[in-house]
Amino acid sequence: MFFRILKKDLKRKKVMNAVLLSFILLAAMFVASGLSNVVSVMNGTDHYLKKAGIGDYVVISMGEESKTALEDVLQGNDDIKECRIEPVIWGDKSNLKKADGTKIEAKNSVVFQALEDSQLKYFDKDNKQITEIQPGHAYVTGDFMEENDLKTGDKITVTYDSIFFSVTLDGTAKDALFGSPMMQNRRFLFNEREMEKLFSNENVRNKYQGQVCYIDLADGAQESDLASLISEVPGVMFSGAYSMIKTTYVMNMIVAFTILILSVCLILISFVVLKFSITFTISEEFREIGVMKAIGISNFRIRSLYLAKYLMMSVVGAGAGLLLSVPFSKLLLQSVSNNMVLEADNHFLLSVIGAVLVVGVILLFTFRCTKLVKKYSPIDAIRSGETGERYKKKSPFRLGKSHRSTSTFLAVNDIFSALRRYMTIIIAFFICTLFVLVFVNVSATLRSDTFVTTFGKRSDLYYQDQETGINSITQDGEKQVETYLADQEQLLADDGMPAKMCVEALYKYKVRVKDKDYSLSCQQGIHTNASEYEYTEGEAPGNKNEIAITPTISNLIGAKLGDTMSIDFGTETVDCVVVAYFQSMNQLGQVIRLHEDAPTDFRYLSTLMPYQINFQDDPPAEEIETRKEKVEKLFEIDHVMNAVEYCDDMMGIASTVEAVQYLLLGITMIVILLVCVLMERSFLADERSQIAILKAIGFGSSRIIRWHIMRFGIVTLFAVLLAALCSVPVTYLVGNPLFGMTGAGKVSFVISPWKIFLMYPAVILCITFLGSGITALHIRKIRSNDTANIE
């Protein structure tokens, strides 16, 4: 008998059951793929770095002097288990061209090295280790080939002074050090014959030679002790522990966690929809429940009938979701797997556990919701499920006092008469919309100039010149940069664009705090004053004995406002007082801001950031865009950026966040359609006799359809506006900790009112009208003689 009842129920409510099955499928698919992806990325990052042999500490330097000093410092040190050094040649995009002579784009410095000299393991797109490269061939890391529309088999040329040769690209290599989204240097792997040509040129060898050192520490050795030793080496461009290298893959982790959070949201929505479905089904089947109780069937056996139904649906939905989670997981991990070697095991067992978890939670929730069965008695089968007793008004509204149309009154009256009934729509739409709007706010912030002050001073235009940056890493490098800035300012003035130019310089210095040594990055502006930067607390450094630190540095070394630390500038050691806090995304926040009079030495220069142009005549934004093109021609530079473009270029994650945003929007639209179809079909089944009565007294189908659509419109409008209001504090609540991992813990997010309160609510309202309107067309099939229908 139970089987016949179940079969009848499934046939009679095909649409409602199909919608509910879709929710279970989506929830299972996202949970299964979310769990798998989070574990794959979290464990996969460690697995990849260790498999590649990244070591416990990495040092990147430039110059023969730097190599000798590095070897002297590390040799014979008991804290060093092993030290592996790769000889490399530094270059930039000016050294590269396509076979037809067209220019090649490369954001930062590029690295050339022989595979035979490599101390790191590199992998191809199939995750196989690259063990051999033929003469005249090369691999390149990162998204270099995609950025320049190059394919496997294409040729590029390399030029240094009198050295010229061409190589055929064999594909993209996965590089654990330079392959993360935040490390935007590109590494070229050649055969040793090509590198011999470069090293044979004395000018190339003296100016551009560098090295990458991978260090394994002995048991019990402290990274801070090693950092102190490294601080004595000139020409260090980067030094960081394993943990810092891992942090550069943080965006991969954030995307994976986003999908997992979305999975949780979908489960919550599924529960809300499931509760409505069970409650509606039980209240609609009062006759069947009353008859079963009348013939002696217990509450538990009746509840078991519903449990059997939803068990079958959850098993089918979770099974289908599990199968779909495999390709879906691969799709989500595609961008990650392009630059990482994930474990061969894709954690399918975790996906199975996630699907089983969905089934178990749905069954528990179903059992809890079916307690409503206890309220019905055999007499309810006779009295059509009504007790005939009501002691309060269903709604505060009265038709006689309403000045609105009948459809509007009915819609508003229905909502206030059974508010709990419409909470399903409000909760589901609120959760989905809130999630989308938070990503809209984050995406808008990433596409703005909000973060520009976390890299340096705000300016009108920015451009990168890697060649001058590489050539300036000498003792008289600062004079060279000063001369370069003066020459560029003169060019701008002669062309009718008076401007002041500046640049941010990052140095690596030995810092002593509380009898403990560190190797830290120190940032100083050339042609700027310390007072021109933004600080979150305290006052700008006023002399060479005052500095500002980031919260990241404060947590790392334990220094607070008013504390003193000693900085060894190479030529002298200066005791500096911490007078301010600031936030910076350079070096993931591990930066100290120096006063302009601090005795820095370009021998310890690690990076020259992009040059900045500040026009003296305060041109409007439109004029700045026009001048941008003029500067490109005047300086013969390919890419001059405004502040927004500079932030996007430095962070490189805006496109990833936008992709996730559109994915969420698509899923939200699907969820809204499914909820609208489910709810409207439920309303039609419950209100069939009422619709028939309205038709009998002269209401046309269009007015009744408008009534049904307006109900959805009102509750959706309330849900999306509530989500829009909540999206602002939630964005700060979620966004600040995420960006805090990269050094910016206090972000002023860009909130676009027309997007938050108009565009996206309008999109969701349109989808709501579409879903409810199409489903409400079934009203045309209801006739006036259906007034006695209680099925």
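Hi everyone. Let me start with a cut-off: a residue counts as buried when its relative accessible area is under 20%. Lys628 has 10%, so Lys628 counts as buried. Please keep in mind that this is a predicted model.

Who is the partner of Lys628? Its side chain meets that of Glu645 in a salt bridge, at 3.0 Å from N to O. Glu645 sits in helix α21 (residues 643-651) and Lys628 in helix α20 (residues 621-635), so this pair ties together parts 17 residues apart in sequence. Glu645, with a relative accessible area of 29%, is partly exposed.

Now a step back to the whole chain. We have 25 helices and 21 strands, and buried residues account for 54% of the 791 residues. If you take contacts between residues at least 6 apart in sequence, 83% of them join residues at least 24 apart. The chain exposes about 34,300 Å², with carbon and sulfur atoms supplying 56% of that.

Back to charges. Side chains of opposite charge can pair when their charged atoms come close. How many salt bridges does the structure hold? The total is 21. One of them joins Asp414 to Arg711, with the closest N and O atoms 2.9 Å apart. This pair links distant parts of the chain, as Asp414 is in helix α15 (residues 406-417) and Arg711 is in helix α24 (residues 701-740), 297 residues away. Asp414 and Arg711 are both buried.

Arg593 belongs to strand β18 and Glu504 to strand β12 (residues 499-513), so parts 89 residues apart in sequence are tied together. Arg593 and Glu504 are both buried, too. And for those who like networks, salt bridges link Glu82, Arg84 and Asp216.

My next stop is Leu588, in the loop between β17 (573-581) and β18 (591-594). Is Leu588 buried or exposed? At a relative accessible area of 13%, Leu588 is buried. Leaving aside residues up to four places away in sequence, Leu588 touches Met182, Met244, Thr247, Thr248, Thr552, Thr742 and Gly743. The C-alpha atoms of Leu588 and Gly743 are 5.1 Å apart, although 155 residues separate the two along the chain.

Finally, the surface. Glu116, Glu132, Glu192 and Glu196 gather in a negative patch, and Glu196 is part of helix α5 (residues 192-199). A positive patch is made by Lys275, Arg368, Lys371, Lys374, Lys375 and Arg420; there, Arg368 lies in helix α13 (residues 348-369).

Key: Residues are numbered from 1 along each chain as its sequence is written. This is a predicted model: local features need pLDDT of at least 70, side-chain atom pairs count only at pLDDT 80 or more; totals for chains, interfaces and linings use all residues. Side-chain values use heavy atoms; hydrogens and water are left out. Helices (H or I, at least four residues) and strands (E, at least two) are DSSP runs, numbered from the N terminus. Buried means under 20% relative accessible area, exposed over 50%, partly exposed in between (1.4 Å probe, protein chains only). Contact means heavy atoms within 4.5 Å. Accessible areas come from the Shrake-Rupley method with a 1.4 Å probe; for residues, only the protein chains shown count as cover. Patches are made of residues with over 30% relative accessible area and no salt bridge: like charges are joined within 9 Å, nonpolar side chains (Val, Leu, Ile, Met, Phe, Trp, Tyr) within 5 Å. A salt bridge is a side-chain nitrogen of Lys or Arg within 4 Å of a carboxyl oxygen of Asp or Glu. Lys and Arg count as positive and Asp and Glu as negative; His and the chain ends are not counted. The place of a charge is taken as NZ of Lys, CZ of Arg, CG of Asp or CD of Glu.
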